[in-house]
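Reader: I want to learn how to read helix packing and aromatic pairs. Can we go through a case together?

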Amino acid sequence: MITLRNWLAALLAAVVFLLPLSPVQAARGTDSYDGNIFALYAGDGALVPPRLSLAEALTGEKPILLAFYLDDSAASKDFAPLLSDLDGRWGRVTEVIALTSDPYSVNPKAAPSDPSHYWRGTVPQLLVLSTGGKVLYDVDGRMDVGSIEQALSDATGIALPDDQAERSSNSFNEINSGYGS
């Protein structure tokens, strides 16, 4: 005997399994939330969370590459492959710290160990800090890789090769892209 409860359960199961499901789509060019932008658009989900906090990195011996981003920002999505590439090239001689800007407010009077001290309210924003925390380079929006690498070279004392190749964004599938030589 079919009870109302069994009938409703069967109807619910039919509705769930028979409804056409739309595929999940990542939208790189929109300000929509798609998840971890480094895993999705840069193929490097290991950038977040950072290995060290800013306060811990400031006590270390390495210069710091500090980046602010938002997972639901088209500009940050475009920035993710660049930061991933910089991490690959400079991550052994610098501390790369990528922070979502949501918990911070613009506060230049905050202590230098507080990311709010450096954030200017825009994303993406990238800074190169000396081992003592002095800002050597600060840029937001569209970024020139050559200028960033020159700042990293100055911070680390590692000379850039004379024949440094131009880098461009290359897509290696329909979602991920990366910077390469």
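Author: We take helix packing, then ring pairs. The model is predicted.

Reader: What describes two packed helices?

Author: The angle between their axes and the distance between the axes. Here, helix α4 (residues 74–90) and helix α5 (residues 145–156) pack at about 30 degrees, and their axes lie 12 Å apart. The cut-off for roughly parallel is under 35 degrees, so α4 is roughly parallel to α5. Their crossing is right-handed.

Reader: Which residues of α4 and α5 meet?

Author: From α4, Leu82, Leu86, Arg89 and Trp90. From α5, Val145, Ile148, Glu149, Leu152, Ser153 and Thr156. By class, this contact has 6 nonpolar, 2 polar and 2 charged residues.

Reader: Now the rings. What describes an aromatic pair?

Author: The distance of the centres and the angle of the planes. The count in this model is 3 aromatic pairs. Phe38 and Tyr69 are edge-to-face, at 4.9 Å centre to centre with 85 degrees between the planes. Phe38 is in helix α2 (residues 37–41) and Tyr69 in strand β1 (residues 64–69), so the pair ties together parts 31 residues apart in sequence.

Reader: Are Phe38 and Tyr69 buried or exposed?

Author: Both Phe38 and Tyr69 are buried.

Reader: How is the pair of Phe68 and Tyr104 arranged?

Author: The ring centres of Phe68 and Tyr104 are 6.1 Å apart and the planes stand at 80 degrees, so this pair is edge-to-face. Phe68 sits in strand β1 and Tyr104 in the loop between β2 (95–100) and β3 (125–129), 36 residues apart. Phe68 is buried, at 0% relative accessible area. Tyr104 is partly exposed, at 21%. Ring pairs link Phe68, Tyr104 and Trp119 into a cluster.

Methods:
Residues are numbered from 1 along each chain as its sequence is written. This is a predicted model: local features need pLDDT of at least 70, side-chain atom pairs count only at pLDDT 80 or more; totals for chains, interfaces and linings use all residues. Side-chain values use heavy atoms; hydrogens and water are left out. Axes are lines fitted to C-alpha atoms, for helices over the stretch in contact, and angles run from 0 to 180 degrees between N-to-C directions. Helices (H or I, at least four residues) and strands (E, at least two) are DSSP runs, numbered from the N terminus. Angles under 35 degrees count as roughly parallel, over 145 as roughly antiparallel, 65 to 115 as roughly perpendicular and the rest as oblique. A crossing is left-handed if the near helix is turned anticlockwise from the far one by less than a right angle, and right-handed if clockwise. Contact means heavy atoms within 4.5 Å. Ala, Val, Leu, Ile, Met, Phe, Trp, Tyr, Cys and Pro count as nonpolar, Asp, Glu, Lys and Arg as charged, and the others, Gly among them, as polar. Rings of Phe, Tyr and Trp (its six-membered ring) pair if their centres lie within 6.5 Å; planes under 30 degrees apart count as stacked, over 60 as edge-to-face and the rest as tilted. Buried means under 20% relative accessible area, exposed over 50%, partly exposed in between (1.4 Å probe, protein chains only).
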